[in-house]
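I opened the notebook to record what I looked up today.

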Amino acid sequence: MTKSKKKKRQNDFQKIKLRVGKTKPKASNATNVNFRTKGIHLTDQLKKDDSAPTTHRKLNIKDLLSQLHHYSGTVKQGALVGLKELLTLHPSEVDQHLSSLLSEVAAVFTDKDSNVRMSATRVLRFIAQSVPAERTCPFFPLLSAHLSCAMTHIETGIQEDALKILDVLLDHYPALLAARPALLLTNFLELISHRSTRAGARKSQEGKGRSWDLSVNPSRNVTGQQWRLTVLLRLGRFLQAVVEERRTEDGAAGVSGDMFGLLNGDGGANAHLELNWEDLSYGKGSFQVFEHSGATPTPHSTFKLRPDTEAGAGLSEGLCSVEAVRSFASTLVPLLMDVWVEASYSDRSKTDSAHLLTPDAMALMYQVLSILQLLRKLAPHREHQDTLDVWFRSEYLGVFKQHFMRNFPYGGLDTPKQRKKKDSKSKQASTVAGQTVDPLALNVLLCQVMVSMVTLSQREGPAKEPDADWLMPLRGFVQETLSSGAKLSQRHLHTLLETVWRMVITQHSRAVTEDLLQAVYVQYQQMNLNLQTRTLLLSFFSRLYLQEHNHTHIARSRLLSRWLAALPLQLSQLGHRNPALSHRLLLAIQAAASRGNKDLLKSLHTHSCRLYDPQEGSVVLLPVESQQRLVQLLYFLPVIPVGLLANLSRCCTAGRVSAGLAASLIRIIHLRSSLSGWSVGSQDTAVCDVDYISFLFSTLTGFSSDELSTLQEAGDDSVLPPSPLSPLSLYPTPLEQFTHHWDVVEEVCHCLETLGSRSQCFDVLQNGICKNLTGLAVVPDSMAAGLLRAVARLLDQSFLPSEALLRFLSQCCVSLLSLVLTLQQDVASETNHKREAVWGACVAALSSVPRLLRMVLQLLRVGDLCEEELPQLAQILSLLLQHTTLRNHMLANAALLQHIIQELTRYCQGETREQWLTDLLYCYSVTMAPHRGNLGLRDIY
Amino acid sequence: MSAPMEIVVCADSVGQLWNCAVLDLHSSTNLLSYRGGNTSSRSLTILNGEYILGAQLGKNFINVWEIQRKDQLQQKIVCPGIVTCLTASPNGLYLAAGIAETIYLWEVSTGNLLAILSRHYQDLTCLRFTDDSSHFISGGKDNLALVWSLASVVQLDPSHSPEPRHVLSRHALPITDIHCGLMGPQARVATASLDQTVKLWELSSGEMLLSVLFDVGIMSVTLDPCEYYLFCGGSDGGIFQVSLCSQSLSRDKTFQSDNDGNQVFKGHRNLVTCLSVSMDGTLLLSGSHDETIRLWDIQSKQSIRSINHKGPVTNAFIIPAPANMFLPDSRPGVPLPRFSRHLNPSEQGEGVETAGVCLRLAPHTQTQKETYLEKADKLYSLMSAVTDKNVFGDGENTKVRVSELEEEVRTLKKINKDLYDFSAQLLTKPS
């Protein structure tokens, strides 16, 4: 056993002999490699995770973000595409994961793969579109860090793409970018230039040495000029953002830039409260005038309690002080000048004449100029603007003159063939260049930049002379462009007007001003301008006019006064076609009128009848606000002629202006008459007393004589026919007109009350009524009620009204009383006001003039009435009896009253006693009770 | 009887018995009256508690009374034109008058005409100083109210005509009245206008805070001393009270009545031309063209008293009683000089008697000055630098610094002493 065991054991470890030349036998544990593998790509997950939304590949946002760390470019790009898809499908995801999204996406700004960068830009754009600036704010330092990392990257491709990212941010978050400008500005500089090291040594000796030089990177796939253009475009936009940021901080009145832009409507940055007394008195809403209960002044105070932050040196401090702006400008301007020079010289080789430019060069130069223009506006505060201007002038005037003005009116090089080729061949280049710039824009901008170099400080003395040589061509160009009659685009016109503004303000010569304004006026007189352009020109002139006080040459400009004098005519011709423009015109007119401009007032006087025409004048056609301004203008008219007064009276009564406005119109005319008593200084009265009183009277009646005469002849269908109970036939005015007229009457009465002597005033009124109205057979009810109201308010106890007046009034009164009855039957609530007004007028008149009551009672003759009218009469009587203020007067006329009641009872003797008669008798007995006891009643029975 | 604390000064345009009268606020007894002529609206003013000045209606002179000699007209200041409004600065140093569309500013101590400001385009209606006399506000018929800084107006600079600090140009019709609140340059200004609005402005920034539109033109405006309420006198005789601080916090809203303090005082029948609130804010004085002056209790909005006049009331205001007013033997501290009619008296050859020293700032001495806070900051940083150095060694430098500072103090003291000597000599010198 043991033997066999031993043998076996030996067999276990057999020695295999290897021989040279024989193949080596395979080891028993050798791996068989005869198989082929295939990878399994799990682009999408099988399992559905319902907890978070996913893309169509079933990847949720966490997966996608983690994929951004993958080494492979395609995976990263896929993840970015997936992110975009996910976010479009589920916008709520943006809000939840904003922080991680932004940080991960920003991390791939500097990716080596250009496709990844492009996708990252797209995702960023998408996020930027959907997230407002205030929510991105906390993550913005991260974003801008990655951005500047990309901008300063050593690879040119990444640098170029960084500008695209910058575009996105500029589009959506300009304010955030502009809040920390320092780092970005250096980045910009580094993109087109490099710090020159060798100049450093020399710098100390020269003092004014330059530390930055333009650089050209030959490895770029665009030309140096195009690259600079792309960078400068962004720089321009960035500076624009900074300037706008400043402006919002500084208040909307703005740095001198937008002088007569469209936002000059109101200057204050603070929203003020506009309240209405009616709302106030009814306690609608409460308000708080003083923030923090007035403890801290508003930030717009001109009193500076604390100095601004100490001025730091260099760019590191940003652009918040003059010194910082200045040092930045002193770095940038030489670079810009180099760019300009290179652009103009590279063209020189291609063309013969120096002032013709290729589109590329033109675009570049345009950018240079616009950046210069923006640099000027960078002054942190308005008060620093001047110091900055002076500095610019002292530093760079010579250089600018030398380079800009040498070939001044630039023209475009007409190369149609070349452009076509370029378009087809390299589309990219043209898109990089952005918009093509036309030579006009370049020239106009150049004018603006150069004119801004003329500072206000050196307005007097011989210092003006040196500017003349280079201002001359500029002025010539501006004049020519404006007066050529060609239509200019809104932007060009705006720039040109700013240029003209600056020239006019700085040049104290009347001839120059006149020429320039003439040129602008040519533009103004063009037909078919659109609203914006028209408004722009209009506000240019009106701003100029408002500036006149310290510029005598403007004040004396004949053209300006011509423009002013033409305004009223334009307003009247404009009619209702363009309310916005009319509003502008009115503002200008009002400003001039309040300053007592003679030309304007004269012209206003001549056109006043047209403007205030009750049918088609501006005063009835324009919206309420403009109507109000037109009414206010009346105050400034030196003389208000009779014809105008007639028109105004019609305006008040016709109901096309609101009652409140009509009231303020009457009040204004009241103030301008000698009877108002409010006069300060030596202002002549515009209205003579006779005209004023006749104005009041015709407004009181509310109907013109023509209308009244047509009413007399009108058929019976529109008029309530006369009857014994209403001796005059009443014309029922529509409810709206009635209330309007009622309000106007109140105002007129108030004016008449304050005229002075009551009795004389009433005398005048009485004459007017007797002469004009007593003959009428048809009377509008509003007029009748108005007259009664006026009589009641104005009558003095000492004055005895004439018989004719009283007769007319008593007729009115009786007719109105019967109208009240008919209105009472009408249950509709809208006539309530009318009924009460009429009833109130009647009662007031009856109680203030006792004789009127007697005449009314005399008019009520029972014998003339037919049966149906008896109850009406009874009702009138009982109404009068019930009124307490009339009681004494009724008692005084007891005999007359008794007579009427006896008649009444006699007439309906035969029938059963009716309810109305019982009521009347009851009222009668109650009223008369204390005095006559049962005596009266006994007499009746 | 003890002298009253507050008095009412009023004048009407007829002036039959007296030009202007002084009444006791609480009993409305006539205390004093000043005779001669009559006074145009917004042109009665008290100068330094020693004189009463009132511009004659329709004539080109100003009547002046010493405040304690009631009956006697002391002087007439002849002006280049009809004076439409007049006011004296609360510190009694300046007198401003609106003559047609220009403002004339006199220095009271010398009578020199300091400035003629013609920035208004039409007649002036109202002039008001701030309570610290640092600014004044002018309102005119050209719808403008201008805020002037007195320092910049007075500044002697022939080349620049002074510019207003702010132009308040939101009114659409002539301005009728201006009220300037308390707190100097941080005050709030209320302007009333015929365009039926009252606007409240912040003086420091020139911005509008509030605009209230009424149904009628507003002829006068005032604020109570706490600036809780705005009182506006309408052209129909109503006085409107606007509450500027509605106390409607959310928690006590339920207890609130419907109309929170915006109410009308009814009683006058014609234009309310003057309004004034007493010092404690309980009484409102109003003068009207219906020839009455009324006194109202603000809390209950009732008319306490009505005082009849013979003509439309032109001026009525409540002031604390000047000390001199009821002492017949007192004399004004400074005699009133002759007021000159021309800007530069020496050129006109009439200013021979003005031998005083004219103290006015030259153009650029004050422009670049640091503010006090800036100075304080600098000083503080200097001091802290010194202490820092003391603590952290570097004694050498500090000693130098300290000696420099001591030197500085010494020179300053010397200058001060010189100045004192000079002025003392000037004052004690027999003239």
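Below are my entries on the two lettered chains, with the cut-offs given where a term comes up.

**Ground rules**

I noted that this is a predicted model, in which local features need pLDDT of at least 70, side-chain atom pairs count only at pLDDT 80 or more, and totals for chains, interfaces and linings use all residues. Residues are numbered from 1 along each chain as its sequence is written, chains are lettered from A and ligands numbered from 1 in the order in which they are written, and side-chain values use heavy atoms, with hydrogens and water left out.

**Chain B overall**

I looked up the secondary structure of chain B and found four helices and 28 strands. Helices (H or I, at least four residues) and strands (E, at least two) are DSSP runs, numbered from the N terminus. Chain B has 431 residues, and 53% of them count as buried. Buried means under 20% relative accessible area, exposed means over 50%, and partly exposed lies in between (1.4 Å probe, protein chains only).

I then looked up the surface of chain B, which comes to about 20,100 Å², with 54% of this belonging to carbon and sulfur atoms. Accessible areas come from the Shrake-Rupley method with a 1.4 Å probe, and for residues only the protein chains shown count as cover. Among the contacts in chain B with a separation of 6 or more, 47% are between residues 24 or more positions apart; a contact means heavy atoms within 4.5 Å.

Residues 189–211 of chain B are 65% strand and 0% helix, and their end C-alpha atoms lie 12 Å apart. Residues 265–306 of chain B are 57% strand and 0% helix, with end C-alpha atoms 13 Å apart.

**A nonpolar patch on chain B**

Which residues make the nonpolar surface patch of about 350 Å²? I found L379(B), L382(B), M383(B) and L405(B). Patches are made of residues with over 30% relative accessible area and no salt bridge; like charges are joined within 9 Å, and nonpolar side chains (Val, Leu, Ile, Met, Phe, Trp, Tyr) within 5 Å. Helix α3 (residues 372–391) of chain B gives the largest share, three residues. L405(B) sits in helix α4 (residues 395–428) of chain B, and it counts as partly exposed because its relative accessibility is 34%.

**Salt bridges**

I found 23 salt bridges over all chains. The term means a side-chain nitrogen of Lys or Arg within 4 Å of a carboxyl oxygen of Asp or Glu.

D111(A) and K76(A) meet in one of them, at 2.6 Å, N to O. The pair links distant parts of the chain, 35 residues apart: D111(A) is in the loop between α5 (98–107) and α6 (114–130) of chain A, and K76(A) is in helix α3 (residues 73–89) of chain A. D111(A) counts as buried because its relative accessibility is 10%. K76(A) is buried too, with a relative accessible area of 11%.

R234(A) forms a salt bridge with D167(A), with the closest N and O atoms 2.5 Å apart. R234(A) lies in helix α13 (residues 224–250) of chain A and D167(A) in helix α9 (residues 156–172) of chain A, so the pair ties together parts 67 residues apart in sequence. Both R234(A) and D167(A) are buried. They also belong to a network of salt bridges that links R125(A), D167(A), D171(A), R234(A) and R237(A).

**Aromatic pairs**

I found 18 aromatic pairs over all chains. Rings of Phe, Tyr and Trp (its six-membered ring) pair if their centres lie within 6.5 Å; planes under 30 degrees apart count as stacked, over 60 as edge-to-face and the rest as tilted.

Y521(A) and Y524(A) are stacked, at 5.9 Å centre to centre and 20° between the planes. They are separated by about one helical turn because they are three residues apart in helix α23 (residues 510–524) of chain A. Y521(A) and Y524(A) are buried.
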